[in-house]
Amino acid sequence: MIHKIMPRGEAQKKAIALFRELALPDPDHIGDRYPHQVSGGQLQRLMAAMALITDPALVIMDEPTTALDVTTQIEVLRAFRNVVRERGTTAVYVAHDLAVVAQIADRIMVLRRGDHQETGTTRQIIEAPTHEYTRSLLAAARPAPHPATASAEPAAQPLLRIAGLEAGYGRPGADGLPAKRVLYDVNLSVGRGQTIGVIGESGSGKTTLARVIACLMPPARGEVTFDGKPLPPGLAHRSREQLRRIQIVFQNADTALNPAQTVEDILSRPLQLYHGLHGDALRQRVAKLLGLVQLPASMAQRSPQGLSGGQKQRVNLARALAAEPDLILCDEVTSALDTVVGAAILELMAELRRELGVSYLFISHDLNTVRSICDEVVVMYAGRIVEVVPRDALVHPPHHPYAELLSASVPQLRLGWLDGLAIKAGENIPGPGGDAGGCPFFDRCPVRIQGVCDAKAPPRRQLRGEMEVLCHHTGEELLALSSAANTVVSA
């Protein structure tokens, strides 16, 4: 409309076609929503549609898939590549994920702090890099698992226990449930000194779960207990001590840190609120916190605008540590960081866990990140926990079909990976909630049983060890069907 390329009716039709190409849910109507009414991953795809709708000769893609879950990322990458190949569009793709770049770029330029490091064909950069920094990027793309902490006590009374949790948005109905349900019968526990990973696609309910635990939104049903005692559902009803013991690190440090305050002001607030520190004692504690997150004490007088992305996230983490919490909720804390900085943040978190015995609920859409830091992984789909698996069992079948899909969708650092991927795009991927009459994953499941999976809610099954899945198939059946896991068709 702005560029006067086509009338409104044609523009709307083209926009809807692009929404389908980018695998957005409800493509016929999602354009009627406001930005705050869609998830972060959906918003990123809508921004991509804005750039592509005029069929540009040159499109600059600045981290277009950074905030996307792996399955969505595949569809977006395919859509971008189709633009380049079929419409003759030239693209400059800016990213920190070499595995993603390897699937779309012909040539790669490596930059660091504004300086050129090396340029070469994609094959040369991936297989035979010449610069040490490029080699460090490749190493960070394959994070090694951190050893489990000896103080973790998953078998003892859990620090956090969630039972039968349901939550959502909108006016409650006669049954007391909100109009838009996001969480369905969520059961979860976190032991002392333990790190539990929560993984799933955009809109699966991960952030809503963290918000309920942090008391940023009330549960509709269920119980949240902390250290054996029920947590009140509202902020006004929680004691200062209860608030202190559970802290949250938000995904976007740019919006989480007040730009009008210095780092010292930001870190001083929880120290004053929870510990009553003032004067020299306060300044010394601020310096100690900065040291904990491996930042110099001189940074206390700087404002967030003068910090890099990794430094901001370290300050974000330091603010949570200032309260001396027992549990930290980490919501996509490395998703916006480059691989080297992200790996450093993960190493820091593992070190703090060893030193302080803090527990983490680590929310992510990056399976490699979760594998590297978590003791146990919880897989969420459409507001439900569909699998709980110890980290060591992640690489061994059987798994829930959705967990298989997530694993198969993680970009691999090799040329042609995307071309060889058998996962196919779907026109209408269900949003949270799915089909209340059956399994919410039914429409996308490659091993669905017609007349069973679409008619009855799946049972929760205990498989080997401490693993459990929400599925109609038995463990033996899932193991036999695991060979089909890489041929997932989204109906």
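This is a predicted model: local features need pLDDT of at least 70, side-chain atom pairs count only at pLDDT 80 or more; totals for chains, interfaces and linings use all residues.
**Exercise 1.** Work out which strands stand at the edges of the eight-stranded open sheet.

*Solution.* Start with the strand order, which reads β10-β11-β12-β7-β13-β14-β16-β15, with mixed pairing. Now check the two ends: β10 (246–249) and β15 (460–462) each have a single partner strand, so one side of each is left without a neighbour in the sheet. While you're there, note that the twist averages 20 degrees from one strand to the next.

**Exercise 2.** Find out how β11 and β12 are joined, and which helix lies across them.

*Solution.* Take β11 (residues 327–331) and β12 (residues 359–364): they run parallel, and five bridges join them. For a spot to look at, go to L329, which stands opposite L361 in β12. Then look for the helix: α13 (residues 339–356) lies across β11 and β12, and across β7 (195–199) too. Its direction is at about 160 degrees to β12.

**Exercise 3.** Compare two salt bridges, D55 with K14 and R81 with D419: which parts of the chain does each tie together?

*Solution.* Begin with D55 and K14, whose side chains meet at 2.5 Å, N to O. D55 sits in the loop between α2 (40–52) and β1 (58–62) and K14 in helix α1 (residues 8–21), so the pair ties together parts 41 residues apart in sequence. Next, R81 and D419 meet at 3.0 Å, N to O. R81 belongs to helix α3 (residues 70–86) and D419 to helix α16 (residues 417–420), so this pair links parts 338 residues apart in sequence.

Conventions: Residues are numbered from 1 along each chain as its sequence is written. Side-chain values use heavy atoms; hydrogens and water are left out. Two strands pair if DSSP finds at least two bridges between them. Helices (H or I, at least four residues) and strands (E, at least two) are DSSP runs, numbered from the N terminus. Axes are lines fitted to C-alpha atoms, for helices over the stretch in contact, and angles run from 0 to 180 degrees between N-to-C directions. Contact means heavy atoms within 4.5 Å. A salt bridge is a side-chain nitrogen of Lys or Arg within 4 Å of a carboxyl oxygen of Asp or Glu.
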